[in-house]
Amino acid sequence: MDPFSSPPPSGSGEGPSNEVVMDQVKQQLAQAYAEEFFGTVRDKCFTKCVTRPSTSLSGGESSCISRCVERYIEATGIISRAVVTSLPR
């Protein structure tokens, strides 16, 4: 089912529960975040590490990309933890 389409009609005439809707929204947000994350990493690390695009990566380019991705993931984790700990409880 398309995430933006209406749910199939039910016999009772009720729509999906709030819990079902929230789960769908969470899944869509997680997917959007993952796509943005990988797109950003791909763009930034590729731009930084691949100086002469060709059909394959050199050893140096491959190492650079690996380090770049690791640093980006580490930085994202640090930022995420800082944001979570600063939220009011």
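Predicted model: local features only at pLDDT ≥ 70, side-chain atom pairs only at ≥ 80, totals over all residues.
Started with Arg42, which comes out exposed, at a relative accessible area of 55%. My classes are buried for under 20% relative accessible area, exposed for over 50%, and partly exposed in between, with a 1.4 Å probe and protein chains only. Its partner is Asp43: the two side chains meet in a salt bridge at 3.5 Å, N to O. The criterion I used is a side-chain nitrogen of Lys or Arg within 4 Å of a carboxyl oxygen of Asp or Glu. Asp43 is partly exposed, at 43%. I searched the whole structure and got 1 salt bridge.

Residues are numbered from 1 along each chain as its sequence is written, and side-chain values use heavy atoms, with hydrogens and water left out.

Next, the secondary structure. I got 2 helices and 0 strands, taken as DSSP runs numbered from the N terminus (helices H or I, at least four residues; strands E, at least two). H1 covers residues 18-49, so 32 residues, and reaches 45 Å from first C-alpha to last, close to the expected 46 Å. That expectation is 1.5 Å times one less than the number of residues. H2 takes in residues 59-86.

Then I looked at what is inside. Of the 89 residues, 12% count as buried. In H1 the buried ones are Phe37, Gly39, Val41, Cys45 and Cys49, and their cover includes H2.

Which residues make up the largest nonpolar core? I found 6: Phe37, Val41, Cys45, Cys49, Cys64 and Cys68. A core here is a set of buried Ala, Val, Leu, Ile, Met, Phe, Trp, Tyr and Cys residues joined through side-chain atoms within 4.5 Å. Phe37 also touches Tyr72, Ile73 and Thr76, leaving out residues up to four places away in sequence; contact means heavy atoms within 4.5 Å.

The chain exposes about 7,400 Å², with carbon and sulfur atoms supplying 59%; areas are Shrake-Rupley with a 1.4 Å probe, and for residues only the protein chains shown count as cover. Ile79, Val83, Val84 and Leu87 make a nonpolar surface patch of about 360 Å². Val84, in H2, is partly exposed at 49%. Patch residues have over 30% relative accessible area and no salt bridge, with nonpolar side chains (Val, Leu, Ile, Met, Phe, Trp, Tyr) joined within 5 Å and like charges within 9 Å.
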